[in-house]
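Hello,

Here is the structure I promised to pass on. Please look it over first; my notes follow below.

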Amino acid sequence: MPSFHNGSVEIAYLDEGEGDPIILVHGFASTKNVNWVYPTWVSTLTKAGRRVIALDNRGHGDSAKLYDSEEYHIGTMAGDVRALMDHLNIARADMMGYSMGGRITAYLGQRNPERLRTAILGGIGMGLIEGGGPGENVASALEAASLDDVTDPVGRTFRAFADQTRSDRRALAACLRGSRRLMTREEAAAIAVPTLIAVGTTDDIAGSAQRLAEVIPGSQVLDIPNRDHMRAVGDRVYKDGVLEFLAKHA
């Protein structure tokens with residue numbers, strides 16, 4: 001698996017296919033494989049003629065594990081994505097992030113619009129601005145001795161997911177505490193790249209896609225029917241909608 005260093009931090013990534021590049025940024029407690037390879041996103045996009053690059057965010061997967069929450073600010077994690085693009089000599093690309101990866105993508109869309117052709121925000125709606133989703137309850141669940149000690153239902157969901165993916169739970173807790181910078185309404189309104197907001201209709205973590213679309217000028221909403229936060233990722237409606245959106249902005 002290829003990797004590179006952004007400063008002292010090693011970042012693992014995959015780079016497959018040929019064509020216009022799209023960068024995939026996974027969600028909290030996930031990995032490039034869990035978020036993008038296993039749900040067949042990588043194969044779907046390469047078959048559609050795209051070059052697909054996906055990284056393991058710091059603290060996740062095969063990338064470096066850090067235990068200081070200060071190392072996980074959204075701007076710092078966005079810097080890893082920019083550094084990967086620089087490492088691969090990619091000046092500009094489409095970008096799709098899911099959940100926390102959507103926050104990173106939105107950050108880049110607002111701060112570095114020259115690097116993004118389009119922004120696809122999966123699994124994140126008005127939560128980008130108003131919060132919600134995993135909080136200190138999840139960090140505490142990750143640090144608990146075992147799943148049996150966790151009573152909070154959201155905490156149990158993320159703890160079980162972290163156990164399933166054999167994640168470094170201490171690194172994830174630090175990431176959660178460090179990465180929860182919210183975007184202001186003014187910052188979100190300044191996102192000028194073409195944006196698609198894709199959220200499951202039963203997702204109770206992401207916040208309203210429609211309300212976020214009212215803030216980001218010209219953005220589109222893709223409803224993923226009858227899918228919650230975890231199960232929307234690999235949905236066919238999500239994939240078809242993204243392919244259509246990308247084709248429209250090619």
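The side chain of threonine 105 has a polar atom 2.8 Å from the backbone oxygen of glycine 101. Bear in mind that this is a predicted model. Threonine 105 sits in helix α4. Its relative accessibility is 0%, so threonine 105 counts as buried. Leaving out residues up to four places away in sequence, threonine 105 touches Val25, Met95, Met96, Gly97, Leu116, Ala119, Ile120 and Leu121.

Next, the packing of helix α4. The axes of α3 (residues 74-87) and α4 (residues 100-111) come within 9 Å and cross at roughly 80 degrees. That angle makes α3 roughly perpendicular to α4. From α3, the contact uses Ile74, Gly75, Met77, Ala78, Val81 and Arg82. From α4, it uses Met100, Arg103, Ile104, Tyr107 and Leu108. Eight of these residues are nonpolar, one is polar and two are charged.

Then the aromatic residues. The count comes to five aromatic pairs. The ring centres of tryptophan 36 and tryptophan 41 lie 6.1 Å apart, with the planes at 75 degrees, so this pair is edge-to-face. Both tryptophan 36 and tryptophan 41 are buried. Tyrosine 98 and tyrosine 238 form a tilted pair, 6.3 Å centre to centre and 45 degrees between the planes. This pair links distant parts of the chain: tyrosine 98 is in strand β5, tyrosine 238 is in helix α11, and they are 140 residues apart. Tyrosine 98 is buried at 4% relative accessibility. Tyrosine 238 is buried too, at 0%. Trp36, Trp41, Tyr98 and Tyr238 form one aromatic cluster.

Best wishes

Conventions:
Residues numbered from 1 in each chain as written. Predicted model: local features only at pLDDT ≥ 70, side-chain atom pairs only at ≥ 80, totals over all residues. Heavy atoms only, no water. Axes fitted to C-alpha atoms, helices over the stretch in contact; angles between N-to-C directions. Helix = DSSP H or I, 4+ residues; strand = E, 2+ residues; numbered from the N terminus. Parallel < 35°, antiparallel > 145°, perpendicular 65-115°, else oblique. Contact = heavy atoms within 4.5 Å. Nonpolar A, V, L, I, M, F, W, Y, C, P; charged D, E, K, R; others polar. Buried < 20%, exposed > 50% of the residue type's maximum accessible area, 1.4 Å probe, protein only. Polar contact = N/O pair within 3.5 Å; in protein donor to acceptor, adjacent residues only side chain to side chain. Phe/Tyr/Trp six-rings, centres within 6.5 Å; stacked < 30°, edge-to-face > 60°.
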